[in-house]
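Dear colleague,

Here is the structure for you to take over.

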Amino acid sequence: MARNLLTTLVGGAVVLLAACQSGPDAAATRPDATGTAATATPPAHPQAQTVTGAELTAPRRLTVLAETLRGTQGDSITRLPYEHLHTQTWNRATNTIVRTDLRRWRHTGNHSGRDVIRTAPDLRGVNRQPTRDERSLFDNAEPRTIRYRPGELHPPLPETFPTDADTLIAHLVPPELAAEPAYPRLLVDSVVRLATDSYLDQQQRAATLKVLAAVPGITYRGTTTDLAGRTGMSFQAVADRSTSTLIIDPVTGELLSAAEQVEGPRPGLFKFVLVLTRGRTATDHDLPSTTGSKVR
């Protein structure tokens, strides 16, 4: 009887040991068919797989991205005096959609700069959605230049950019509006305004992602492709009879595009924006070919 009991205990220990060795960590050293220890191949962007997985809530997903996002070349080249952004927008104006291509250079020291603006013909109707083919219309439009003297082109936040999320939220939307139905929309719109008007470095992008994580009712809609063909994470906030949708790069945390769709008596597109290029340059005529991120 003692021998049978000992045999049973040893057999159970062997089974338990085998079960412990079959976990995820053991897979990295399990021998293959040739007897050689196989090594698991790490994912190319582990943080991207984490934030685009199915197990996280939208606020947690945004927080994880804020804590793990990668820097860009533009983040490290701070000696160049100009920040550059290239955006394309579709704005609702009464009963038409106004389409604008804007390249902006802002001197970060004296707030001078230059805008180069191209416009496509207005579209009649308020519920027209932007299409990829429309973007080629800007290439044939006549450019118009606006120059800003020192002090005339201020960033959206004139003081030092707060990297603490709570402080940044208080700067973007007055705290007394927190109970208003429009509060989620106001927060999202403020983040979009920051990302489309200034170059946001790695710490600043992390702070804006944490602001988005604090938006009441924000949801994750999966990965999608924007109008410029870039794949990102889609987030939505529904408030005050409008739906705001953001597409965010899952590695750098950069805003790729944003849209606001309104409901009510005259539902339709309110605003759509693509952020195509962001970076730093030496003059207000250069294009950041090696800094920031760029889409042709």
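**Largest cavity**

Helix H7 (183-197) and helix H8 (202-213) each contribute at least two residues to the lining of the largest cavity (helices, H or I, of at least four residues, and strands, E, of at least two, are DSSP runs numbered from the N terminus). H8 gives the most, with 4 residues. This is a predicted model: local features need pLDDT of at least 70 and side-chain atom pairs count only at pLDDT 80 or more, while totals for chains, interfaces and linings use all residues. Residues are numbered from 1 along each chain as its sequence is written, and side-chain values use heavy atoms, with hydrogens and water left out.

On a 1 Å grid over the protein atoms alone, a cavity is a set of points where a 1.4 Å probe fits but cannot get out, and lining residues have an atom within 4 Å of a point. Points are joined across faces, edges and corners, and a volume is the space filled by probe spheres set on them. The search found 3 cavities of 30 Å³ or more.

The largest cavity holds about 130 Å³. Of its 15 lining residues, Ala 195, Leu 200, Gly 253, Glu 254 and Leu 255 are the closest to its centre.

**Second largest cavity**

This one holds about 110 Å³. H7, strand S7 (242-248), strand S8 (255-262) and strand S9 (268-281) each give two or more residues to its lining. Val 188, Asp 189 and Lys 271 are among the lining residues.

Regards

How values were computed:
On a 1 Å grid over the protein atoms alone, a cavity is a set of points where a 1.4 Å probe fits but cannot get out, and a pocket is an open set with protein on both sides within 12 Å along at least five of seven lines; lining residues have an atom within 4 Å of a point.
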